[in-house]
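Hi,

Here is the structure I said I would pass on. Have a look at it first, and then read my notes below.

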Amino acid sequence: MSTVDEITALILDDHAAFRRGFARLDDARDEQELLAIWDALALHLDIHAEAEEAILYPHLVKHGDDGEDETADAIGDHNKIRDAIAESKLHPVGSERWWAAVGTARRENSEHLAEEEDEALPDFRRHASSELRAELGHRWLTFYGEHKNGRDLPFRDKDPQSYVADHR
Ligand SMILES: [Fe+2]
Ligand SMILES: [Fe+2]
């Protein structure tokens, strides 16, 4: 298996990019910089959640030791992050309400990354073969190619229990 294109490695790369993106916001000097950084980061967060919901969680929910709970938690977290991103777009960049929404996205995302990295991904690794991890990594890259700039992705919240029921 090529370890760089294996799905959990690709997911960890995205997670590192999210942490860097939020740190970059701290260093932005004006609203234009804030907007440029946040637009790119928010889009990446939204695409990442859709990619996990299309590629990672359908497998984990069926095969993980605690797959149904981990999946329901993850969809709920993705919804909170999506909601905070949508809320940020209702306010002028750099305003108090904008920072509050971005802060919520940051906090929810940090909590979610920890759960994913410490629970969901370990569970997935224990149950997925090298071949499957490589194949899903390939699908991950294809997904990003097909949905450049979020093309054709609705970024809508999903009901966690219905998602689990539909995929288990
Ligand atoms: Fe993730
Ligand atoms: Fe996630």
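Helix 3 (67–88) and helix 4 (96–127) each put at least two residues into a negative surface patch. Bear in mind that this is a predicted model. The patch is made up of Asp66, Asp69, Asp73, Glu111, Glu115, Asp118 and Glu119. Which helix gives the most to it? That would be helix 4, with four residues.

Asp66 sits in the loop between helix 2 (31–63) and helix 3. With a relative accessibility of 38%, Asp66 falls in the partly exposed class, because that class runs between the 20% limit for buried and the 50% limit for exposed.

His63 belongs to helix 2. His63 is partly exposed too, at 41% relative accessible area.

Now the aromatics. Searching the whole structure turns up four aromatic pairs. One of them is Trp98 with Trp99: the ring centres are 4.9 Å apart and the planes meet at 80 degrees, so this pair counts as edge-to-face, the cut-off for that being over 60 degrees. Are these two residues buried or exposed, or something in between? Trp98 is buried, at 1% relative accessibility, whereas Trp99 is partly exposed, at 36%. Both belong to one aromatic cluster, together with Phe22 and Trp38.

Cheers

Notes:
Residues numbered from 1 in each chain as written. Chains lettered and ligands numbered in written order. Predicted model: local features only at pLDDT ≥ 70, side-chain atom pairs only at ≥ 80, totals over all residues. Heavy atoms only, no water. Patch = residues over 30% accessible without salt bridge, like charges linked within 9 Å, V, L, I, M, F, W, Y side chains within 5 Å. Areas by Shrake-Rupley, 256 points an atom, 1.4 Å probe, with all protein chains shown as cover. Salt bridge = Lys/Arg side-chain N within 4 Å of Asp/Glu carboxyl O. Lys, Arg positive; Asp, Glu negative; His and termini not counted. Charge placed at Lys NZ, Arg CZ, Asp CG, Glu CD. Buried < 20%, exposed > 50% of the residue type's maximum accessible area, 1.4 Å probe, protein only. Phe/Tyr/Trp six-rings, centres within 6.5 Å; stacked < 30°, edge-to-face > 60°.
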